[in-house]
Amino acid sequence: MDAGEGKIKTKNIGVAVAALRSGRCARLSTGFGGAGWGDAEAGRLADALTAAGGGGGGARLEVLQLGDNGIGDAGAGCLADAVESGACPALCAINLGRNRIGDAGAGRLADAAESGACPALRTINLDYNPNVGDAARARLIEACKPENCA
């Protein structure tokens, strides 16, 4: 992990939470892909983002990389709650490809994008989540269009 360079890459959820709460970076990108995380870890990360939003790393987070994990609808819902809280106003991309998210989680993420709390959010990747149907994907794409995010 090199928080000084603006990148956090770790499989340890405790280290990730501490780094986000530190607020030491001007811009922040995460690399939690392939960490073996599930809904519980996504929930802890979402709690840390919400708690750190004002003065910590959440306010400067631009890219949230969570692909190739075991995150399902519950974890996606927790992340959507963090987005809706306004904790990550600079967030422009969330990668949740190759997880276990279904239509319910995709719907919650679309709700979060539509809330306008993260006006820069334009990309939510749910590729290779086989339980996300065409209608949920279409809604998510529509929610991330610039005119629908603010």
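What follows is a list of stops, each with something to select.

Before you click, note that this is a predicted model, where local features need pLDDT of at least 70, side-chain atom pairs count only at pLDDT 80 or more, and totals for chains, interfaces and linings use all residues. Residues are numbered from 1 along each chain as its sequence is written, and side-chain values use heavy atoms, with hydrogens and water left out.

**Stop 1: Arg108 and Asp81.** Select these two side chains and you'll find a salt bridge, N to O at 2.4 Å. The term here means a side-chain nitrogen of Lys or Arg within 4 Å of a carboxyl oxygen of Asp or Glu. Arg108 belongs to helix H4 (residues 103-114) and Asp81 to helix H3 (residues 73-84), so the contact ties together parts 27 residues apart in sequence. Helices are DSSP runs of H or I, at least four residues long, numbered from the N terminus. Now colour by accessibility: Arg108 is partly exposed at 22% relative accessible area, and Asp81 is partly exposed at 43%. For the cut-offs, buried is under 20%, exposed is over 50% and partly exposed is in between, using a 1.4 Å probe and protein chains only.

**Stop 2: Arg139 and Asp111.** Here is another salt bridge, with the closest N and O atoms 2.4 Å apart. Arg139 sits in helix H5 (residues 134-143) and Asp111 in H4, so this pair links parts 28 residues apart in sequence. Arg139 is partly exposed at 32%, as is Asp111 at 29%.

**Stop 3: Lys145 and Glu142.** This salt bridge has its closest N and O atoms 3.1 Å apart. Lys145 is partly exposed at 33%, and so is Glu142 at 39%. The salt bridge count comes to six.

**Stop 4: the cavity.** Which residues line the largest cavity? Select Leu49, Leu64, Leu79, Ala82, Val83, Cys88, Leu91 and Ile94. A cavity is a set of points on a 1 Å grid over the protein atoms alone where a 1.4 Å probe fits but cannot get out, and lining residues have an atom within 4 Å of a point. The space inside is about 30 Å³, taken as the volume filled by probe spheres set on the points, which are joined across faces, edges and corners. H3 gives the most to this lining, with three residues.

Terms used:
Helix = DSSP H or I, 4+ residues; strand = E, 2+ residues; numbered from the N terminus. 1 Å grid on protein atoms, 1.4 Å probe; cavity = no way out; pocket = protein on both sides within 12 Å on 5 of 7 lines; lining within 4 Å.
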